[in-house]
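I opened a new structure today and kept notes as I went. Each entry records one thing I looked up.

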Amino acid sequence: RKQTRSGWTGDASGGAGGAPGSPAAEPVEGSSYVKRAVRPISVLLDELRLTLGKRGARGIVGLGRSFKIMDDDRSRSLSAYEFKKAMRDVGMNASEAEVNALFSAFDKDGGGTIDYEEFLSAVRGKMNAKRVALVRQAFEKLDVDNSGIVDVAEAKLHYNAAKHPAVVANKKSEDEVMRDFLTTFEVGTKDGNVHYEEFERYYQDVSASIDDDAYFELMMWNTWNLGGKGLRREYQKAWRSEEDSAPATGGGGGGG
């Protein structure tokens, strides 16, 4: 590999450019690299989605957690340096000029920081109506009292923690495992309760890593038993149903 001025990627498209559509920096003298124009923001977002999608739902979740760790003052904002570091950490295939362009596109006031929640929202994209309907159906099944909140008592009706390894080993109680399960879906205050908005946000992250609507539907049906009896049995169950003569073994939860 020949060195470029940017030193950030293996091509010569690095540099200090910041505006979308700006040309890439010149390669180091004597190198064989060819200049590459900065790709459009929509293409760069697709590139990032592809990179994160290889890690499944945890890709976007992990990026969000990285942003929050960097956000020492809880301002929900990141500097250009912090943003670039996060992009390097996830392994995004982009030049320095392209990362600069991506940052600039979200630095709307030119203040040198971006709102990372706004950025993450753009990366996630929106679920289509069919997927939202499936998420709503799953939540309504959990939300027995129609309060808009799922608590431990309601989750117990569909998620059996009795055979969870931590319970079997007497390391945790069933209620503690249940709270851990519910925490999977919480994106705000960790209070052991899951609001619909949190549940949908979780599945937005999952949805971003799944291209096929049919696969997303199958995942939701098998995870939450939305179709009742007769589903494919090779999926580990994370719910109880009347057809079981004995409690089902605890599964991994609603992530699919």
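Which ring does the charged end of Arg136 sit over? I found the charged end of Arg136 over the ring of Tyr196, 3.6 Å from the ring centre. I counted a charge as sitting over a ring if NZ of Lys or CZ of Arg is within 6 Å of the ring centre and within 35 degrees of the ring normal.

**Ground rules.** I am working with a predicted model, where local features need pLDDT of at least 70 and side-chain atom pairs count only at pLDDT 80 or more, while totals for chains, interfaces and linings use all residues. I number residues from 1 along each chain as its sequence is written, and side-chain values use heavy atoms, with hydrogens and water left out.

**Overview.** I listed 11 helices and 4 strands in the protein. Helices (H or I, at least four residues) and strands (E, at least two) are DSSP runs, numbered from the N terminus. Of the 256 residues, 43% are buried. I call a residue buried under 20% relative accessible area, exposed over 50%, and partly exposed in between (1.4 Å probe, protein chains only). The protein exposes about 13600 Å², and carbon and sulfur atoms supply 49% of that area. The areas come from the Shrake-Rupley method with a 1.4 Å probe, and for residues only the protein chains shown count as cover.

I then looked at contacts, meaning heavy atoms within 4.5 Å. Among contacts with a separation of 6 or more, 58% join residues 24 or more positions apart.

**Aromatic rings.** I found 15 aromatic pairs in the structure. Rings of Phe, Tyr and Trp (its six-membered ring) pair if their centres lie within 6.5 Å; planes under 30 degrees apart count as stacked, over 60 as edge-to-face and the rest as tilted. I looked up Tyr202 and Tyr203, whose ring centres are 5.1 Å apart with planes at 90 degrees, so this pair is edge-to-face. Both Tyr202 and Tyr203 are buried.

Tyr203 also pairs with Phe216, again edge-to-face, at 6.5 Å centre to centre and 85 degrees between the planes. Tyr203 lies in helix α10 (residues 196-208) and Phe216 in helix α11 (residues 213-224), so the pair ties together parts that are 13 residues apart in sequence. I read 0% relative accessibility for Tyr203. Phe216 is buried too, with a relative accessible area of 0%.

Which residues make up the aromatic cluster? I noted Phe139, Phe185, Tyr196, Phe199, Tyr202, Tyr203, Phe216 and Trp224.

**Helix α4.** Why do I call helix α4 (residues 96-106) largely enclosed? I counted 9 of its 11 residues as buried, so the rest of the structure largely encloses this helix. The buried ones include Glu96, Glu98, Asn100, Phe103 and Phe106. Their cover includes helices α1 (41-53), α3 (80-90) and α5 (116-124), as well as strands β1 (77-79) and β2 (113-115).

I checked the second largest pocket and got a volume of about 260 Å³. On a 1 Å grid over the protein atoms alone, a cavity is a set of points where a 1.4 Å probe fits but cannot get out, and a pocket is an open set with protein on both sides within 12 Å along at least five of seven lines; lining residues have an atom within 4 Å of a point. Grid points are joined across faces, edges and corners, and a volume is the space filled by probe spheres set on the points.

This pocket has 16 lining residues, and Ser207, Ala208, Ser209, Ile210 and Asp211 lie nearest its centre. Which helix gives the most to its lining? I found that α1 does, with 4 residues.

A search of the whole structure gave me 2 cavities of 30 Å³ or more. The second largest cavity holds about 30 Å³ of space. I listed Leu142, Val150, Ala155, Phe181, Leu182, Phe185 and Val194 as its lining.

**Thr183.** I placed Thr183 in helix α9 (residues 174-183). Thr183 is partly exposed, at 29% relative accessible area. Its C-alpha atom is separated by 7.8 Å from that of Asn193, 10 residues apart along the chain.

**Backbone angles.** Where is Arg74 found? I located Arg74 in the loop between α2 (57-70) and β1. Its phi is near 55 degrees, a positive value in a residue other than glycine. Arg74 is exposed, with a relative accessible area of 62%.

Arg76 has its place in the loop between α2 and β1. I read its phi as near 65 degrees, a positive value. Arg76 is partly exposed, with a relative accessible area of 42%.
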